[in-house]
Amino acid sequence: LVVAAAAPPAVSAIRPFLAPSLSREEEERAMGLHAMGEGQLSRGNVYAARKFFERAAEAGLPKSALALADTYDPTELAKLKIVGLQPDHEAARKWYERAQELGVAVATDRLRRLGSR
């Protein structure tokens, strides 16, 4: 009996979650920063989450740029159900553009939606 291994997902399907030009060590550090940001966000600490996401995004981690933009986007911010935090269209646009540069396809749609406000 021969069992064929499942083909790995196409690189283009996972590319938005990978850092395009980081060394393995840099990518692991950025992924750790992103995880800390997610932890802070799950606790409702958006300001701390932004700091972690920003450091990881500046290192070149695409999903961190998207996550950071989401914390400024009025539509995405409303989904977080955080009371008293004002959206910032310009910051959202800046980080969606960075996410787009890093290959995150959904950033284009979110930029378009942000522009229609």
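# Exercises on a helical chain

Ala 57 counts as buried, at 0% relative accessibility. The model behind these exercises is predicted.

## Exercise 1: Ala 57

Task: Find the helix that holds Ala 57, then list the residues in contact with Ala 57 beyond its sequence neighbours.

Solution. 
- Step 1. Ala 57 belongs to helix H3.
- Step 2. Check burial. The cut-off for buried is under 20% relative accessible area. Ala 57 has 0%, so it is buried.
- Step 3. Set aside neighbours within four places in sequence. Ala 57 then contacts Ser 64, Ala 65, Trp 95, Arg 98 and Leu 102.
- Step 4. Ala 57 and Leu 68 are 11 residues apart along the chain, and their C-alpha atoms are 7.9 Å apart.

## Exercise 2: H3 against H4

Task: Describe how helix H3 and helix H4 cross, and sort the residues of their contact by type.

Solution. 
- Step 1. Locate the helices. H3 covers residues 46-59 and H4 covers residues 62-70.
- Step 2. Compare the axes. They come within 7 Å and cross at roughly 145°.
- Step 3. The crossing of H3 with H4 is left-handed.
- Step 4. Name the residues. H3 brings Arg 50, Phe 53, Glu 54, Ala 56 and Ala 57. H4 brings Ser 64, Ala 65, Ala 67 and Leu 68.
- Step 5. Sort them. The contact of H3 with H4 has 6 nonpolar, 1 polar and 2 charged residues.
- Step 6. Follow Arg 50 further. Arg 50 lies over the face of Tyr 72, at 3.8 Å from the ring centre.

## Exercise 3: His 34

Task: Decide whether His 34 is buried or exposed, and list what His 34 touches.

Solution. 
- Step 1. His 34 sits in helix H2, residues 24-42.
- Step 2. Apply the cut-off of under 20%. The relative accessible area of His 34 is 3%, so His 34 is buried.
- Step 3. Leave out residues up to four places away in sequence. His 34 touches Phe 53, Ala 56, Leu 61, Lys 63, Ser 64 and Ala 67.
- Step 4. Link back to Exercise 2. Phe 53, Ala 56, Ser 64 and Ala 67 also take part in the contact between H3 and H4.

## Exercise 4: The whole chain

Task: Summarise the secondary structure, the burial and the aromatic pairs.

Solution. 
- Step 1. Count elements. The chain has 7 helices and 0 strands.
- Step 2. Write the pattern: α-α-α-α-α-α-α.
- Step 3. State burial. Of the 117 residues, 39% are buried.
- Step 4. Look at sequence separation. Among contacts with a separation of 6 or more, 53% join residues 24 or more positions apart.
- Step 5. Check aromatic pairs. The structure holds 0.

Technical notes
Residues numbered from 1 in each chain as written. Predicted model: local features only at pLDDT ≥ 70, side-chain atom pairs only at ≥ 80, totals over all residues. Heavy atoms only, no water. Axes fitted to C-alpha atoms, helices over the stretch in contact; angles between N-to-C directions. Helix = DSSP H or I, 4+ residues; strand = E, 2+ residues; numbered from the N terminus. Left-handed = near helix turned anticlockwise from the far one by under 90°. Contact = heavy atoms within 4.5 Å. Nonpolar A, V, L, I, M, F, W, Y, C, P; charged D, E, K, R; others polar. Buried < 20%, exposed > 50% of the residue type's maximum accessible area, 1.4 Å probe, protein only. Phe/Tyr/Trp six-rings, centres within 6.5 Å; stacked < 30°, edge-to-face > 60°. Lys NZ or Arg CZ within 6 Å of the ring centre and 35° of its normal.
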